[in-house]
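Hi everyone, thanks for coming.

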Amino acid sequence: MLLEGKTVLVTGASAGIGRAAAIGAARHGANVAINYHSDDAGAAACVAEIEALGRTGVAIKGDVADPATAQDFIARSVEALGRVDVFVNNAGICPFHAFLDMPAETVDRTFRVNLHGAYYMVQAAANQMVKQGDGGAIVAVSSISALVGGEYQTHYTPTKAGVHSLMQSAAIALGKHGIRCNSVLPGTILTDINKDDLADLDKRERMAARVPLGRLGKPDDLAGPIIFLASDLARYVTGAALLVDGGAFVNLQ
Ligand SMILES: NC(=O)C1=CN([C@@H]2O[C@H](COP(=O)(O)OP(=O)(O)OC[C@H]3O[C@@H](n4cnc5c(N)ncnc54)[C@H](OP(=O)(O)O)[C@@H]3O)[C@@H](O)[C@H]2O)C=CC1
Ligand SMILES: C[C@H](O)[C@@H]1OC(=O)[C@H](O)[C@@H]1O
């Protein structure tokens, strides 16, 4: 097991990629604290799966867009589990909308959740790791959308690019403390974030057709890459970006 005896924190883990990462970490021997925003049942189900694996799980509700949530999540996680070894910054939203009439509040909310929230959370986790004095690993869920655009994602793609850029700078700032910072860049993964968008079956088929591995991703496809970057197998990896997209990014023709 790659995370035996470690304590792993995951934001946005009541569903989707975060949930898969949290359960995957437990499968690899970690105790896990999860953050989430509104889905109490989803969060409880995630903790139940962690506990069914013989590990300790705790769910702590909070809006990552609120700076106070970061301090609260770290403090309550340490109170429950004792420390922070791995921090997975995952929480994010993508309310698809056209560019020319994009409401300011949609831009603001998307930036505050995806980018400001990441900043506050990573900063709080890093301060706890520095206080502990024995390093750590931070993994951010950026996106293929850090590298390419989307007609209805002009408010979203900059936040995903920003999340990876944050990992690059944090890797420099935290290297002296033995804290590694890396990003995973998922392709299109079937979750709640795109359920409505991909209800358009023509679009769904077009998106799948550009994937060399022949299918859109599943949340569990991200668990392994996240756990790898969190584990000692990646002990000399920091500031890196790992595409997890079935080959979509490189597929021009
Ligand atoms: N799915 C995809 O194709 C891709 C996703 N990503 C990224 O993956 C990450 C996870 O997305 P995904 O699993 O697909 O989406 P889901 O919608 O399935 O899950 C999002 C999770 O984030 C939580 N969340 C949303 N807003 C907040 C908030 N303000 N505070 C705390 N938690 C919040 C949700 O909590 P709750 O449900 O309780 O509100 C939920 O647990 C995002 O950062 C996204 O940008 C990147 C590339 C591709
Ligand atoms: C929400 C999108 O479907 C999803 O999120 C991303 O980051 C990529 O744009 C994916 O397609």
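Let me start with the lining of the largest cavity: by class it has 10 nonpolar, no polar and no charged residues. In that sorting, Ala, Val, Leu, Ile, Met, Phe, Trp, Tyr, Cys and Pro count as nonpolar, Asp, Glu, Lys and Arg as charged, and the others, Gly among them, as polar.

Before going on, some housekeeping. This is a predicted model, where local features need pLDDT of at least 70 and side-chain atom pairs count only at pLDDT 80 or more, while totals for chains, interfaces and linings use all residues. Residues are numbered from 1 along each chain as its sequence is written, chains are lettered from A and ligands numbered from 1 in the order in which they are written, and side-chain values use heavy atoms, with hydrogens and water left out.

Back to the cavity. Rolling a probe the size of a water molecule over the atoms shows where empty space is left. Here a cavity is a set of points, on a 1 Å grid over the protein atoms alone, where a 1.4 Å probe fits but cannot get out, and lining residues have an atom within 4 Å of a point. Grid points are joined across faces, edges and corners, and a volume is the space filled by probe spheres set on the points. The count comes to 1 cavity of 30 Å³ or more, and the volume of the largest is about 40 Å³. Among its lining residues are Leu 3, Val 8, Val 86 and Ile 226. Two or more lining residues come from each of α1, β4 (86–89) and α7 (220–230), and α7 gives the most, with 4 residues. Helices (H or I, at least four residues) and strands (E, at least two) are DSSP runs, numbered from the N terminus.

Now, how many residues surround ligand 1? There are 33, and the closest are Ser 14, Asn 90, Tyr 156, Ile 189 and Thr 191; being near means having a heavy atom within 4 Å. By class, this shell divides into 13 nonpolar, 15 polar and 5 charged residues.

For polar contacts with the ligands, think of pairs of N or O atoms within 3.5 Å. A side-chain N or O atom of Asp 63 is 2.9 Å from a nitrogen atom of ligand 1. An oxygen atom of ligand 1 lies 3.3 Å from a polar side-chain atom of Asn 194. Taken alone, ligand 1 exposes 890 Å², and the protein buries 92% of that, with accessible areas from the Shrake-Rupley method and a 1.4 Å probe.

Asn 194 also surrounds ligand 2, along with residues including Cys 94, Phe 96 and Tyr 156. The side chain of Asn 194 puts an N or O atom 3.2 Å from an oxygen atom of ligand 2, while for Thr 188 that distance is 2.9 Å. Ligand 2 alone exposes 290 Å², of which the protein buries 91%. Its shell has 4 nonpolar, 5 polar and no charged residues.

Technical notes
Polar contact = N/O pair within 3.5 Å; in protein donor to acceptor, adjacent residues only side chain to side chain. 1 Å grid on protein atoms, 1.4 Å probe; cavity = no way out; pocket = protein on both sides within 12 Å on 5 of 7 lines; lining within 4 Å.
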